Amino acid sequence: MNDEIFRQNRIILCHFDTYSTALLFARQGTSVLLPEPLPDDASALANSPPAGPQHHPEKVLLACTERYGLDASQLRPVADFQEWMDSSSGPVRVHLAQFTTQDAPHDAIHPHDAVFKPISQMRGTAMTELNLLRRAFNLFMGGG
C-alpha cells in the first residue's frame with residue numbers, strides 16, 4: 001500500500017522552533033523528499049492539481065510514519081503547503097509535515113541516514129527541491 005501512495009506523493013519533514021524561529025529540514029542523502037527524490041524531469045505544475053485519485057495528507061503522513069518507524073503523534077501535516085510537480089511518470093504531490101516536538105528529533109531520523117539541516121546548508125540539493133524548501137520556508141516565516 002505504501003508503494004502505491006509514494007508513487008504519486010512525496011513528503012518533506014521539518015521541525016520549526018517557534019522560540020528561536022529555527023527551521024530545519026530532514027535530508028536523506030542529497031534529497032529532502034521521502035521516500036525518494038522526484039524524477040529527474042520533474043517541474044512545478046503550472047495549473048491546478050490534476051483530476052484523478054489523490055491521497056489525503058494524513059494518509060501520506062501515516063504511510064511515512066509506518067515506513068520509517070516514526071511516532072505519528074509527533075508529526076502533523078502542514079495544510080497550507082500544497083505543491084504539485086509534473087514528470088513523465090505523472091503528477092506528484094509534495095506534502096510537508098512538521099515535527100511537534102520541542103527539539104528536532106535527530107535520533108528518530110538518524111537510523112535512516114538522515115539529518116536535520118537549515119535551508120542554508122542544503123548545498124547539493126536539486127534545484128526543484130530547493131524551490132520547494134523556499135516555499136516551505138516562506139510559509140513558516142510569514143512570507144506566504
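A residue is called buried here when its relative accessible area is under 20%, exposed when that area is over 50%, and partly exposed in between, with a 1.4 Å probe and protein chains only. By this rule Asp 113 is exposed, because its relative accessible area is 65%.

The model is predicted, so local features need pLDDT of at least 70 and side-chain atom pairs count only at pLDDT 80 or more, while totals for chains, interfaces and linings use all residues. Residues are numbered from 1 along each chain as its sequence is written, and side-chain values use heavy atoms, with hydrogens and water left out.

The protein chain contains four helices and seven strands, where helices (H or I, at least four residues) and strands (E, at least two) are DSSP runs numbered from the N terminus. Along the sequence these elements follow the order α-β-β-β-α-β-β-β-α-β-α. The radius of gyration of the protein chain is 14 Å, which agrees with the value near 15 Å that a compact globule of 144 residues would have; the radius is taken over C-alpha atoms, and the globule rule is 2.2 Å times the number of residues to the power 0.38. Along the principal axes, the C-alpha atoms fill a box of roughly 40 × 30 × 25 Å.

Of the 144 residues in the protein chain, 41% are buried. The C-alpha atoms of Ala 63 and Ile 5 are 7.6 Å apart, although 58 residues separate the two in sequence. Ala 63 counts as buried because its relative accessibility is 1%.

The structure also holds two aromatic pairs. Rings of Phe, Tyr and Trp (its six-membered ring) pair if their centres lie within 6.5 Å; planes under 30 degrees apart count as stacked, over 60 as edge-to-face and the rest as tilted. The rings of Phe 16 and Phe 140 form a tilted pair, because their planes meet at 40°, with the centres 5.1 Å apart. This pair links distant parts of the chain, with Phe 16 in strand E1 (residues 9-17) and Phe 140 in helix H4 (residues 127-140), 124 residues apart. Phe 16 is buried at a relative accessible area of 13%, and Phe 140 is buried at 17% relative accessibility. The pair of Phe 99 and Phe 116 is edge-to-face, with 5.8 Å from centre to centre and 80° between the planes. Phe 99 lies in strand E6 (residues 92-99) and Phe 116 in strand E7 (residues 114-117), so the pair ties together parts that are 17 residues apart in sequence. Both Phe 99 and Phe 116 are buried.

The backbone calls for attention at several loop positions. Most residues other than glycine have a negative phi, and most peptide bonds are trans. A cis peptide bond joins Leu 34 and Pro 35, with omega about 5°; Pro 35 is found in the loop between strand E2 (22-28) and strand E3 (43-44). Thr 21, in the loop between E1 and E2, has a positive phi near 60°. Thr 21 counts as partly exposed because its relative accessibility is 42%. Asp 113 has a positive phi near 55° and lies in the loop between helix H3 (106-109) and E7.
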